[in-house]
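I opened this model to look up its strands and its helix packing. My entries are below, in the order I made them.

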Amino acid sequence: MAKTSKGHIQQLPSGSFRVKVYAGTDPVTGKARLLRQTCPDEAAAHAALSRMLVEAGGGRFPDQQATLGQALGKYLEVADLEVSTREAHEGYVRRTIGPVLGEVKIRKLGADSLDALYTALKKCSRLCGRLPRTEHHADGEHSCDQRCGPLRDHRTTRPHGCDARCRPHACKPMKPATILRIHSIISSALDLAVRYDWVDRNVAKNASPPHPRKREPDPPTPELAARLLNLVWTEDEEFGLYLWTAITTGARRGEVSALRENRFDFARQQVRVSTNYIVKQGSRIEKAPKDGEGRALSLDLLTCELLRERFQRRRADAQALGVQVPEDAFAFSPDPVGSTPWNPDTMTHRYRRYALRVGITSSLKELRHYSATQLLAAGTDLNTVAGRLGHAEGSTTLKFYAQFTRPADQAAATVIPSQLDGLRKKERLREFYRQHMPPSGADELAALASVIGPQAGLDEHITLAWLTEFASAH
């Protein structure tokens with residue numbers, strides 16, 4: 001085994017040679033930096049040792065053996081992600097990317113491997129071709145019983161006893177937008193690996209992820225929305241007011257859940273949307289909304305009256321129980337004093353049950369789309385609609401709701417052609433007018449109008465008006 005002051009070469013039982021170089025310690029973690037590489041023969045090992053010593057001496061620490069799983073872990077460690085985004089990324093890495101490509105060395109990863117992953121996901125989101133046909137209820141050694149059976153699509157990821165709701169697996173293609181998100185995570189991790197000198201290039205840039213089609217909003221019609229509100233208000237008044245607030249403000253479900261009483265200014269008919277409420281892995285989190293600083297939304301008089309009456313009635317009910325409702329109580333809460341808001345997922349499931357009863361198949365999110373589409377159809381300018389929705393730019397609103405601005409676009413399309421067509425006919429009439437002796441009186445103008453008007457494609461009244469204009473100019 002050859003040695004140097006900072007590295008050595010070790011022959012492995014397989015006949016290959018492993019090169020290790022000590023490159024100091026990490027100033028932050030205090031851990032030793034070890035560079036490793038496996039070579040097929042001793043000559044290549046000595047060449048690798050010389051190169052690695054130069055790299056370590058120059059302050060470069062390329063990890064030749066780094067895997068995609070390591071790059072993904074490092075990316076999640078250093079990336080500045082919001083709580084919900086981070087949880088989603090970790091889920092994609094844990095369920096989809098890691099089991100397939102996590103152990104692959106970055107330097108051996110090719111665009112073809114990524115394309116193969118995307119192709120498999122287009123067929124089945126669970127990559128069932130790589131899974132065993134039998135799902136066992138425990139990972140270790142055990143005696144199989146009724147809990148072990150064929151591959152199933154479980155109703156929940158939590159430990160549970162399977163019943164009729166856990167059905168035999170049926171392949172379900174992953175949506176192109178989700179595959180594109182997975183591709184983005186891999187590409188970001190490989191970009192980080194390039195910056196760390198773990199690899200020379202990002203092969204994800206040569207891969208071909210699917211391009212999702214533009215999502216078409218599917219909001220309920222005004223008639224179905226009214227029918228839904230009537231049904232809900234009859235059976236659950238608080239939830240009916242929640243839906244009314246979501247529809248009239250266009251706020252996200254977490255933003256509506258996070259509304260507090262002291263953020264309503266009924267005198268000015270306004271509400272301040274300043275937080276977004278989410279529940280992730282049992283943690284209840286209030287965070288800034290997507291637009292960052294939040295926004296103030298105007299309310300109509302009816303909405304103010306409904307909410308004011310709701311808050312007053314809650315206070316009266318709480319007083320009867322001997323408790324007091326604080327000023328910052330959540331507007332929509334399962335607690336009589338509004339100490340905690342409703343879980344947004346609870347509202348989503350509740351909405352689905354009511355919506356199906358009136359024939360609405362779209363999700364709670366489509367009420368936000370309903371608000372946007374109705375405002376745009378009524379002629380509200382794009383910037384105002386974007387501001388109410390909390391979009392940073394009107395282009396975001398236009399991207400999703402462009403089809404609902406078509407009436408205005410059609411009207412705009414007629415402005416320039418009609419203007420040019422009128423001017424063109426007027427100039428043609430002027431040329432005809434110059435070809436004739438200028439008439440001296442009204443009768444002669446009328447006679448001339450009846451002759452040259454049809455030639456210019458104009459009716460007699462417009463022709464006479466323009467001829468009178470030409471004559472007065474002379």
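These notes go from the whole chain to a sheet, a hairpin and a helix pair.

**Entry 1: overview**

I am working from a predicted model. I looked up the element totals and found 16 helices and 12 strands in the protein. Next I checked burial. Of the 474 residues, 38% are buried.

**Entry 2**

I looked up the strand order here. The sheet is open, has three strands and reads β1-β2-β3. The pairing is antiparallel. I noted a reminder for myself: strands of a sheet pair through backbone hydrogen bonds, either parallel or antiparallel.

Which strands stand at the edges? They are β1, residues 7-11, and β3, residues 32-39. Each has a single partner strand, so one side of each is left without a neighbour in the sheet.

I then followed one pairing residue by residue. Strand β2 covers residues 17-25 and pairs with β3 over seven bridges, in the antiparallel sense. I picked out Val21, which stands opposite Leu35 in β3.

I moved on to β10, residues 276-280, and β11, residues 283-287. The two strands run antiparallel and are joined by five bridges. Tyr277 has Glu286 in β11 as its bridge partner.

How many residues lie between β10 and β11 in the hairpin? I found two. Gln281 sits in the turn and has a positive phi of about 50°.

**Entry 2: helices α11 and α12**

Last, I looked up a helix pair. Two packed helices are described by the angle between their axes and the distance between the axes. Here α11 is residues 366-377 and α12 is residues 382-389. They pack at an angle of about 160°, with their axes 10 Å apart. That angle makes α11 roughly antiparallel to α12, because angles over 145 degrees count as such. The crossing is right-handed.

I listed the residues that make the contact. From α11 they are Arg368, Ala372, Leu375 and Leu376. From α12 they are Leu382, Val385, Arg388 and Leu389. I sorted the residues of this contact by type: six are nonpolar, two are charged and none is polar.

Notes:
Residues are numbered from 1 along each chain as its sequence is written. This is a predicted model: local features need pLDDT of at least 70, side-chain atom pairs count only at pLDDT 80 or more; totals for chains, interfaces and linings use all residues. Side-chain values use heavy atoms; hydrogens and water are left out. Axes are lines fitted to C-alpha atoms, for helices over the stretch in contact, and angles run from 0 to 180 degrees between N-to-C directions. Helices (H or I, at least four residues) and strands (E, at least two) are DSSP runs, numbered from the N terminus. Angles under 35 degrees count as roughly parallel, over 145 as roughly antiparallel, 65 to 115 as roughly perpendicular and the rest as oblique. A crossing is left-handed if the near helix is turned anticlockwise from the far one by less than a right angle, and right-handed if clockwise. Contact means heavy atoms within 4.5 Å. Ala, Val, Leu, Ile, Met, Phe, Trp, Tyr, Cys and Pro count as nonpolar, Asp, Glu, Lys and Arg as charged, and the others, Gly among them, as polar. Two strands pair if DSSP finds at least two bridges between them. Buried means under 20% relative accessible area, exposed over 50%, partly exposed in between (1.4 Å probe, protein chains only).
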